[in-house]
Amino acid sequence: MEYNDNASLDTSEVSDTRGGGGGLGGMLGGRGVAFGGGGIGIVGVVIYLLMSFVGGSNPSVTNVLGQLGQDGQPAVADNAQIQQECKTGQDANTHLECAVVADINSIQDYWAAELPKFGGRQYTPVKTVWFSGQVSTGCGAADSGAGPFYCPADKLVYIDLTFYNDLKTQFGAEGGLFVDAYVLAHEYGHHVQDLLGTEAKVRTRSGPTSDSVRLELQADCYAGVWAKHATERDASGQTLVKSITADDISRALDAAKRIGDDYIQKNLGGGTVDTSKFTHGSAAQREKWFTTGYRTGAPGQCDTFGTKNLG
């Protein structure tokens, strides 16, 4: 994956709350993965549903960013460093953090143009919060082991950037810049679902055909749709993502496979596959629906809720 050197980056779409824990090139310390979490996006579903059932509307439950930061200290967003370092696509081609900014810009630019046509409503941009260690959200407290997630309660995407390293060291994924982008495109797919009211309709939380599985597979499909259009010019005639290669797509499919419920249960869990506990879909399903989105480039083809055959 390569970015257009001359493209401008917008760091306002990120809230960097990591404090002293990071810096360009220094965030890959590696943290343990909570295998029971089920892979990308699980907290955005499970914690949200849990809060709904146990009193998430209680005013004592905070939805204010910044209650919990690195090492338990208050988290305060400070974008000064990335504002200084991440200005253009050339910076994205040089620094991982700047590449993440570019990914977020590209994903949100696509949905800002597409959602009014597809869903009949305006897209509302949301920030991605970079945190280190643990963070408090409108969906509850989370730590790095949870993986990246979208919280419908405060409409923010959360990620500890060490997750990208965990994908390789813990899950055995090939990784790469496009895999990193796929992770974010999946989470922003959940934001699109939230805007369309899809996320609010989730009732069944586990099982091979549950609402949770359908929600996750649709988010994978939406990620593929974005990837199909990522290299196109925007309304201003600019191109942020210069190229996505066949190898990039292959690496994304490899990552999708490794975060499938059956793969995680068999290879990272107890070794036994129990479909009744599926929350995200099988490896084959996750590959299928990302491919469906990428092949068609049409969000309307991502109707996982309207089909009996999830693959």
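Trainee: What makes E6 and E7 a hairpin, and which turn residue has a positive phi?
Mentor: In this predicted model, E6 and E7 form a hairpin with 4 residues between them. Lysine 155 in the turn has a positive phi of about 55°. Strands (E, at least two residues) are DSSP runs, numbered from the N terminus, as are helices (H or I, at least four).

Trainee: Why are E6 (residues 149–151) and E7 called paired?
Mentor: Two strands pair if DSSP finds at least two bridges between them. E6 and E7 have 3, in the antiparallel sense, so they pair. Phenylalanine 149 has tyrosine 158 as its bridge partner in E7.

Trainee: In which sense does E3 (residues 128–130) pair with E7?
Mentor: Parallel, over 3 bridges. Tryptophan 130 has isoleucine 159 as its bridge partner in E7.

Trainee: How do you know that both faces of E7 (residues 156–159) are covered?
Mentor: Leu156 and Tyr158 on one side are buried, and so are Val157 and Ile159 on the other. Buried means under 20% relative accessible area (1.4 Å probe, protein chains only); over 50% is exposed, and in between is partly exposed.

Trainee: Where does H4 kink?
Mentor: At alanine 112, by about 30°, shortly before proline 116. The bend is the angle between axes fitted to the seven residues ending there and the seven starting there.

Mentor: Residues are numbered from 1 along each chain as its sequence is written. Local features need pLDDT of at least 70, side-chain atom pairs count only at pLDDT 80 or more, and totals for chains, interfaces and linings use all residues, while side-chain values use heavy atoms, leaving out hydrogens and water.
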